[in-house]
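Dear colleague,

I am handing over the structure we spoke about, and below it you will find my notes on what turned up in it. Please read them with the coordinates open beside you.

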Amino acid sequence: MSQTMLKLSDVSIRYMTGDFKSIGLKEYVVRRLSGKYHVKDFWAVNGVSFEVNKGEMLGIVGKNGAGKSTLLKAVSGIMEPTKGKVTLNGTVVALLELASGFDNELTVKENTFLRGALLGYTRKFMEDAYDDIIAFAELEEFQDRAFKQLSSGMKSRLAFAIASFVQPEILILDEVLSVGDGAFRKKSEAKMKQILASDATTILVSHSLEQVRSLCDKVLWMDKGKQIAFGPTKEICDRYERFLETGIIE
């Protein structure tokens, strides 16, 4: 029987919204005292449930604003669900915002070790893996440059390279396989397949249906915070593709 590595049970995440910034402090106090200040509930994620087993890759699809990135923050522990439960059975490495965790004033080499430390890698691991990381990111000629001198694509390649050289039990990727040019994207996908072959459990958010079809075992389709469907890759991707063409949810 397959081991369940990740289980979400009716997970919902609510944001409280109001007009405090637009009305100013004085008006805010007056309205609060008079009972005329109201906040609105916005459910960024509403009632999502699924399970992912060891070695599987889950793709998450949906238009912008569907709640995909917010859901990943709950899975990675950055946010607490307002309702429901996230159950993890393994160590998690999350690549959600590739540019975060770097210092613009440090060199590429210094930032590589800094990012590795933030991800929990030992100094020995980073020393052993450093040359391979830099080679994978195609930054051999930029090791002593200030990080701020890199293009956004170079920064993203470095972040992906650092994260991909660990062997996480659960790996979370938010649009990170789209970084770089076509050749680097192919190399990133090949690296992901290598990680999957090591029995890592992976969650991938991607706007590329071709990528999801080629890499994922299961797919979660979200729309406006709600779970529309969860199941085998081909079935869900076919339904989602028809939705993109017609605007109709089957």
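**Salt bridges**

D238 and R213 join their side chains in a salt bridge, with 2.8 Å from N to O; please keep in mind throughout that this is a predicted model. Since D238 belongs to helix α8 and R213 to helix α7 (residues 209-215), the pair ties together parts that are 25 residues apart in sequence. D238 is partly exposed at 21% relative accessibility, and R213 is likewise partly exposed, with a relative accessible area of 31%. Through salt bridges that share partners, R213, K234, D238 and E241 are joined into one network.

The structure holds ten salt bridges, and one of them is formed by the side chains of K148 and E105, at 3.2 Å from N to O. That pair links distant parts of the chain, 43 residues apart, with K148 in the loop between α4 (123-137) and α5 (152-164) and E105 in the loop between β5 (92-95) and α3 (108-118). K148 is partly exposed at 46%, whereas E105 is exposed, with a relative accessible area of 55%.

A further salt bridge is made by the side chains of K187 and E138, at 2.9 Å from N to O; K187 lies in helix α6 (residues 182-197) and E138 in the loop between α4 and α5, so this contact ties together parts that are 49 residues apart in sequence. K187 also lies over the face of F136, at 4.9 Å from the ring centre, while the charged end of K109 sits over the ring of Y130, 5.4 Å from its centre.

**Aromatic pairs and strand β8**

Of the nine aromatic pairs that the structure holds, the one between W221 and F243 is tilted, with 5.4 Å from centre to centre and 50° between the planes. W221 lies in strand β8 and F243 in helix α8 (residues 233-246), so the pair ties together parts that are 22 residues apart in sequence. Both residues, W221 and F243, are buried, and together with Y240 they form one aromatic cluster.

K218 is also placed in strand β8 (residues 218-223), and at 18% relative accessibility K218 counts as buried. Leaving aside residues up to four places away in sequence, its contacts include E51, M57, F230 and T233.

**Cysteines**

A search of the whole structure finds zero disulfides. The sulfur of C216 has its closest cysteine sulfur in C237, 7.4 Å away, which is too far for a bond. C216 counts as buried at 8% relative accessibility, and C237 counts as buried at 0%.

How values were computed
Residues numbered from 1 in each chain as written. Predicted model: local features only at pLDDT ≥ 70, side-chain atom pairs only at ≥ 80, totals over all residues. Heavy atoms only, no water. Helix = DSSP H or I, 4+ residues; strand = E, 2+ residues; numbered from the N terminus. Buried < 20%, exposed > 50% of the residue type's maximum accessible area, 1.4 Å probe, protein only. Contact = heavy atoms within 4.5 Å. Phe/Tyr/Trp six-rings, centres within 6.5 Å; stacked < 30°, edge-to-face > 60°. Lys NZ or Arg CZ within 6 Å of the ring centre and 35° of its normal. Disulfide = S-S within 2.5 Å. Salt bridge = Lys/Arg side-chain N within 4 Å of Asp/Glu carboxyl O.
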